[in-house]
Amino acid sequence: MAFSLRQLQYFIAVAEKGSVSSAAHTLSISQSTVTEALRELELDLGFKLLERHARGADLTLKGHHFLRHARKILGDVADARRALAGAEATALSGRLSIGVTPLVAGYIYPDLIARFRRAFAGVTVEAVEDAGDYLEHLLIGGELDVAVMVLPQDRRSGALQTETVEISPYRLWLPLGHPALAQERLSLRDLSSEPHVLLTIDEIAEASEVVWRRLGIRPPVAFRTRSVEAVRSLVATGAGVAVLPDLTYRPWSLEGDKIEARALTDDVPAVEVATAWRRGSPLSAAAAGFVALAATRHAGRGR
């Protein structure tokens with residue numbers, strides 16, 4: 001295969017932005033340059049990565065799978081450059097104890113820990129998944145060095161210091177062919193009679209219920225679950241709609257059924273994922289390296 005890193009960068013930008021024009025604007029290059037790079041990439045791979053339509057572009061099933069590999073390739077290259085630029089990172093040793101909340105465990109932690117292990121191969125990592133309140137207890141008690149957690153919207157602990165890893169807005173998930181897909185932005189009031197599938201981790205379900213109370217609606221609940229994949233499959237098969245943070249969105253269920261997402265007109269505060277550690281407690285060299293590495297994820301997403 002003869003594809004280039006630049007082609008991968010352009011493909012990832014289109015996948016994340018949802019259109020060639022938005023990606024070209026973000027990259028500060030012409031749309032024709034992006035289009036040609038994607039055409040050559042698809043030709044090299046031998047399959048289509050994107051389905052173009054009037055609103056932009058959607059990933060194909062193979063494109064969805066290739067996106068994960070493309071991100072890993074670019075991540076490996078960046079890690080290699082950092083390793084060569086600073087050999088002292090690989091010399092660091094010791095132990096690092098990390099806590100993660102459930103949403104983080106599935107969608108952010110695997111990427112962070114893979115990058116950390118490549119950069120700090122001599123550090124032994126121990127990790128635990130639990131609710132945010134319990135992780136705060138462990139941090140304050142000195143049983144964890146650092147945590148990666150979804151920060152609660154209505155209460156922030158003065159005992160913890162935090163640094164943003166990712167900010168993810170909510171979107172409405174709908175099955176392919178749903179009549180509401182004719183609209184680019186939707187209100188939950190428009191879907192007040194539709195059954196909803198609620199994700200009951202990291203206060204995700206509570207975010208929907210807060211908006212329901214504000215709008216004076218009470219949609220029927222089809223299912224409550226702690227599994228994002230269960231939500232994905234249920235929405236894809238038409239069992240209900242769902243409101244989830246964009247970081248969890250994938251356009252295909254495990255069964256290969258398509259899911260569409262639409263922006264909300266309702267005011268739903270975005271999910272903030274952050275690293276957290278005990279305020280006033282100095283970070284070990286390993287913990288400081290992890291926090292610094294995690295912060296680059298937010299910086300990279302903001303470009």
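The following questions and answers go through a few local features of a predicted model.

Biologist: In which strand is the place of Ser-168, and is Ser-168 buried or exposed?

Modeller: Ser-168 belongs to the strand that covers residues 160–168, which is β6. Buried means under 20% relative accessible area. The relative accessibility of Ser-168 is 2%, so Ser-168 counts as buried.

Biologist: Which backbone nitrogen does the side chain of Ser-168 reach?

Modeller: Leaving aside neighbours within four places in sequence, Ser-168 is in contact with Pro-245, Asp-246, Leu-247, Ala-270 and Val-271. The side chain of Ser-168 comes to 2.9 Å from one backbone nitrogen, that of Asp-246.

Biologist: Which residues have the most contacts inside the largest nonpolar core?

Modeller: In soluble globular proteins, nonpolar side chains tend to be buried together. Here the largest nonpolar core has 62 residues. Another core, of 22 residues, lies apart from it and has Val-20, Ala-24, Leu-38 and Leu-41 among its residues. Inside the largest core, the residues with the most contacts are Ile-98 and Trp-173.

Biologist: What is Trp-173 in contact with, leaving aside its neighbours within four places in sequence?

Modeller: The contacts of Trp-173 include Arg-232, Thr-248 and Glu-260. Also among them are Val-228, Val-231, Val-235, Val-241, Ala-242, Leu-244, Tyr-249, Ile-259 and Ala-261.

Biologist: How are α1 and α2 oriented to each other?

Modeller: Two packed helices are described by the angle between their axes and the distance between the axes. The axes of α1 (residues 5–17) and α2 (residues 20–27) come within 8 Å and cross at roughly 120°. The crossing is right-handed, and the contact is made by Tyr-10, Ala-13, Val-14 and Lys-17 of α1 with Val-20, Ser-22, Ala-23, Thr-26 and Leu-27 of α2. The two helices, α1 and α2, are therefore oblique.

Biologist: How is α1 placed relative to α3?

Modeller: The axes of α1 and α3 (residues 31–45) are 9 Å apart, and the packing angle is about 110°. Angles of 65 to 115 degrees count as roughly perpendicular. On the α1 side the contact includes Gln-7, Leu-8 and Phe-11, and on the α3 side Thr-33, Ala-37 and Asp-44 are among the residues. The angle makes α1, relative to α3, roughly perpendicular.

Biologist: Is Thr-26 buried, exposed or partly exposed, and how far apart in space are Thr-26 and Ala-147?

Modeller: Thr-26 lies in α2. Its relative accessible area is 33%, so Thr-26 is partly exposed. Thr-26 and Ala-147 are 121 residues apart in sequence, and their C-alpha to C-alpha separation in space is 31 Å.

Notes. Residues numbered from 1 in each chain as written. Predicted model: local features only at pLDDT ≥ 70, side-chain atom pairs only at ≥ 80, totals over all residues. Heavy atoms only, no water. Helix = DSSP H or I, 4+ residues; strand = E, 2+ residues; numbered from the N terminus. Buried < 20%, exposed > 50% of the residue type's maximum accessible area, 1.4 Å probe, protein only. Polar contact = N/O pair within 3.5 Å; in protein donor to acceptor, adjacent residues only side chain to side chain. Contact = heavy atoms within 4.5 Å. Core = buried A, V, L, I, M, F, W, Y, C linked by side-chain atoms within 4.5 Å. Axes fitted to C-alpha atoms, helices over the stretch in contact; angles between N-to-C directions. Parallel < 35°, antiparallel > 145°, perpendicular 65-115°, else oblique. Left-handed = near helix turned anticlockwise from the far one by under 90°.
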